[in-house]
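Welcome, and please open the viewer. Keep the selection panel at hand, and we will go from stop to stop together.

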Amino acid sequence: MKQLVGDVLLLNRHTGEFEPARVVREIDENNFADFEQRWRPTLEHRRADFDNHRAAAAGNAQDSHWDWVGKAKDARRAMGQETFAVECDGHTQGLMLVDLTRFARLDPHMGRELVYIELLASAPWNRHRTVAGPKYKGAGRILIATAISLSVDEGFEGRIALHSLTQAESWYRDEAGFTDVEFDHLKKMRYFEMTAAQAAAFVENQENP
Amino acid sequence: MKLLISKDWLRRKIAADRDIDIEAGRPLSTAGPEPDVAVIAEQKVVQLRVALGVLVRQLRQRDRLSIAELALRAQVSEDEVRRVEHDPHYTARPRLIFQLSHYFNVSLANLSQIAGATHAVNRSLYNEAVRYAARSDDVSTLTEGERRDLDAFVAMLNERGKA
């Protein structure tokens, strides 16, 4: 059943103002409807503008194939999988699916559990490279912070990991502070991991900017 | 679960972030059915899990433990141990692999690969595991030859684990 995790803020790029939003755990029928009726048409329309995958990546329409509804329903039944959403202005502004059954590759906690972010996406109308004049900024950062919070709550000390889409690699490495571990030849994506210390730095207090 | 961030933190960080998209997950260019690859991967996983079953059974026999005794000492369920030993289509939970790795002092990374729990498998590790499984007989006690093979395989796993 959907649960409120916490109240947050998103920056409305159009007005320059922060707006109240919330993070929820276990996405529900409203989020499914948002994805099917609002996300997917935008993504598919955008993808249709391109004639190959590389061009689709450039336009950040790569995830139009993601079956969020199916994956979220699977997660309800599966041990070790969780879904989260950022909601604002009555709609789903970001989605995340995590897996709690993976292990860290980095010292000093190699082999210990972590929260692996299977899928993370902001709504297509919030994407700088998908639409002209994207609306909300911050959903991705909030979801990364949510994954760290879950990791701490599970006793994993903040450890998280993910495979980044190409256009996001520099943010994960240079701004979020992940370690760029390696290129995963099977997934054809770079694998990033955040240690407990890096996670603590990510959610640092505002007194230590 | 409590969010470890404040609204002040969000105001400051979001305002400072570069305006780029930060999606994560498998991209479209690698999604979709790849039947040849999937079939080969599934066959390899089954072969690796046969090796895992042999390894766990022989380690247990080496230490003269029943399935119930191993389950108790490694803090896992008897059913899981039984299925890992005998069912190559059984997907072992990460916790089981972790506990067995810890109990038998075998490299977790390599044991995870043999369990089919990783996306990629080292080619030479795969070859060694398949060869090791092929040499074993399903009998209740270890022969001297099997004991030598077991020791060599565990040593190889742990040597690779250090690399």
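Two residues are in contact here if their C-beta atoms, placed from the backbone, lie within 7 Å. Keep in mind as well that this is a predicted model, with scores of ipTM 0.83 and pTM 0.63.

**Stop one: Phe156 in chain A**

Select Phe156(A), in the loop between H4 and S7 of chain A. Which residues does Phe156(A) contact, once neighbours within four places in sequence are left aside? They are Glu113(A), Leu114(A), Val115(A) and Ser151(A). Is Phe156(A) buried or exposed? Phe156(A) counts as buried because it has 21 C-beta neighbours inside 10 Å, and the cut-off for buried is 20 or more.

**Stop two: some backbone details**

Step on to Glu157(A), in the loop between helix H4 (139–153) and strand S7 (160–164) of chain A. Glu157(A) is not a glycine, yet has a positive phi of about 65 degrees. With 18 other C-beta atoms within 10 Å, Glu157(A) is partly exposed.

Next, pick Asp89(A), in the loop between strand S3 (81–88) and S4 of chain A. Here too phi is positive, about 55 degrees, although Asp89(A) is not a glycine. Asp89(A) counts as exposed because it has 12 other C-beta atoms within 10 Å, and the exposed class takes in residues with 12 or fewer.

Then go to Pro108(A), in the loop between strand S4 (91–103) and strand S5 (113–122) of chain A. Display the peptide bond between Asp107(A) and Pro108(A): it is cis, with omega about 5 degrees.

**Stop three: the nonpolar cores**

Zoom out to chain A, whose secondary structure comes to six helices and nine strands. Of its 209 residues, 46% are buried. Among chain A contacts between residues at least 6 apart in sequence, 56% join residues at least 24 apart.

Select Met96(A), Ile117(A) and Ala147(A), the residues with the most contacts inside the largest nonpolar core, which has 64 residues. H4(A) gives this core its largest share, nine residues. Centre the view on Ile117(A): not counting residues up to four places away in sequence, it touches Met96(A), Val98(A), Ala147(A), Ile160(A), Leu162(A) and, from the other chain, Ala24(B). A second, separate core holds 32 residues, including Leu52(B), Ala117(B), Phe153(B) and Val154(B).

**Stop four: a helix pair in chain B**

Show helix H3 (residues 67–74) and helix H4 (residues 78–86) of chain B, whose axes come within 8 Å and cross at roughly 120 degrees. The crossing of H3(B) with H4(B) is right-handed. On the H3(B) side, select Ile67(B), Ala68(B), Leu70(B) and Ala71(B); they meet Glu78(B), Val81(B) and Arg82(B) in H4(B). The residues of this contact are five nonpolar, two charged and no polar.

**Last stop: colour by confidence**

Colour chain B by pLDDT, which averages 80, with 83% of the residues scoring at least 70. Finally, select residues 28–40 of chain B, where pLDDT stays under 50 and the model has 13 contacts beyond four places in sequence. Where pLDDT is low, predicted coordinates should not be read in detail.

Note on methods: Residues numbered from 1 in each chain as written. Chains lettered and ligands numbered in written order. Predicted model: local features only at pLDDT ≥ 70, side-chain atom pairs only at ≥ 80, totals over all residues. Axes fitted to C-alpha atoms, helices over the stretch in contact; angles between N-to-C directions. Helix = DSSP H or I, 4+ residues; strand = E, 2+ residues; numbered from the N terminus. Left-handed = near helix turned anticlockwise from the far one by under 90°. Nonpolar A, V, L, I, M, F, W, Y, C, P; charged D, E, K, R; others polar. pLDDT = per-residue confidence, 0-100. Core = buried A, V, L, I, M, F, W, Y, C linked by C-beta atoms within 7 Å.
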